[in-house]
Structure formats: structure tokens, C-alpha cells
Amino acid sequence: MHIHHLSKENSILNQFISEIRNIKVQKDSMRFRRNIERIGEILGYEMSKTLNYKPKTVTTPLGKTAIDVIDDQIVLCSVLRAGVPLHTGLLNYFDTAENAFISAYRHHKGHPESFEIVVEYLACPDLENKTLVLADPMLATGQSFASTFNALKSFGTPKDIHLISVIGAQKGVEYVAEHFPEQTHLWVASIDSELNDKGYIIPGLGDAGDLAFGPKLQY
């Protein structure tokens, strides 16, 4: 797997990461969503440098000019619900992309430290020979990425796969590296070293879905 850890180099990205982690700033859910969206734009821009391009002639009011444009058929797939603002950021840049959405949540089997990933909803176009961009803001154990990818396999085989995440744990990064094709690209804003005994990233930022859209009842 090709791992692109963007915060290893200083940029404006660090400002947005600091705000989504900050317990005072993240009380403003609108700002939290906007920061996730902006991080998605940055991750998408960096990813775009690795895509395939073809020449195109554009007519201006004063003549013609040649420019290389993206030659990939992109499908953006986000994991609900936390992935929605990240999806928006990517869609801001890849505005002609097709879109897919999938639900994935942790189902605790009678013990808070034991869970399985349950996929209940999926809407997806044909993926055959397209570029799949799978987005989930939190890469903790890596099981959500793996489970959603398995659920997507019946829609075709993409020619390229890109994983987009805001905060990852080293253990989760290693897990997806083992469960995705070798040529997969992982684009992650920041990688933390630890998971706690419940599988949450430390120091992380908390529950991205709750911070973006409000707390939910637990069943």
C-alpha cells in the first residue's frame, strides 16, 4: 500500500487538524464540519496529482489552448454518517464524480470492548474499471474500511483504489495495508500511535459523527 501522511510536512492543513482536535473549538459543530470539509479538499487535491490525465483543447474568447485534464472515472464512496462532510470536501473538487454511500457501524456483542462492523445500507454505481475513492474520517481499527470494501465488491472491480481519512491509528493503517490490494493509496491527514481498549484513537478527536451532527442514542 502507498501511504501518504500529509501532516508530516507543515502546511495550512495543520491548522484545520488542530481545530478539529481542540475540545473548545469542536463545540461549534458547524466549524467542525467545515474543517473536515476543508481537510477533504486538501486530501483530494494531493490525491489528484496521482491520477491519469489526457490532453484537451479549450477555446477561450481570444483563441485556443491545450491543457491536461483528469481521464479517470471517479466514484466517491463515503461511510455514513461521519463521512458526509469529508465527502462534500472531495465533491467540491471532483464535481463530475459518481457517488456512493454506505452505512457501517460498530455492533457491540454484549461487551463494550468487543464489536463487529455491520453494513446495512448501500447505494453504489458500477465500479468496473473506475477509480474508487473510499472516504471515512476516522481510521481506527481499519475494520470499517475493510468491511465496506468487501460490500462493494459485487459492484465491479475498480482499476484504482484510494482511501481517504482524516485521523488514523497506526494499527488501523497496518490493518488496511494487509486487507487491500497492494497498489491501493491511503491519504491520511494525521496518524496517531495508539488505540485504547475500546478501539478508539488516542489522542484522536472523539466521535466524528457526534461532533459533526450531534449525539445519538446507543442501542
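Q: What percentage of the 219 residues in the chain is buried?
A: This is a predicted model, where local features need pLDDT of at least 70, side-chain atom pairs count only at pLDDT 80 or more, and totals for chains, interfaces and linings use all residues. Buried means under 20% relative accessible area, exposed over 50%, partly exposed in between (1.4 Å probe, protein chains only). By that cut-off, the buried share of the chain is 45%.

Q: Does the radius of gyration agree or disagree with a compact globule, and what is its value?
A: The radius is taken over C-alpha atoms, and the globule rule is 2.2 Å times the number of residues to the power 0.38. For 219 residues the rule gives a value near 17 Å, so the chain agrees with it at 18 Å.

Q: Which strand holds I191?
A: Residues are numbered from 1 along each chain as its sequence is written, and side-chain values use heavy atoms, with hydrogens and water left out. Strands (E, at least two residues) and helices (H or I, at least four) are DSSP runs, numbered from the N terminus. The chain has six helices and 14 strands. I191 lies in the one spanning residues 185–192, strand β12.

Q: Which residues does I191 touch, not counting those up to four places away in sequence?
A: Contact means heavy atoms within 4.5 Å. On that basis, the partners of I191 are I3, H5, G168, A169, Q170 and V173.

Q: How far apart in space are I191 and T50?
A: In sequence, I191 and T50 are 141 residues apart. From C-alpha to C-alpha, their separation in space is 21 Å.
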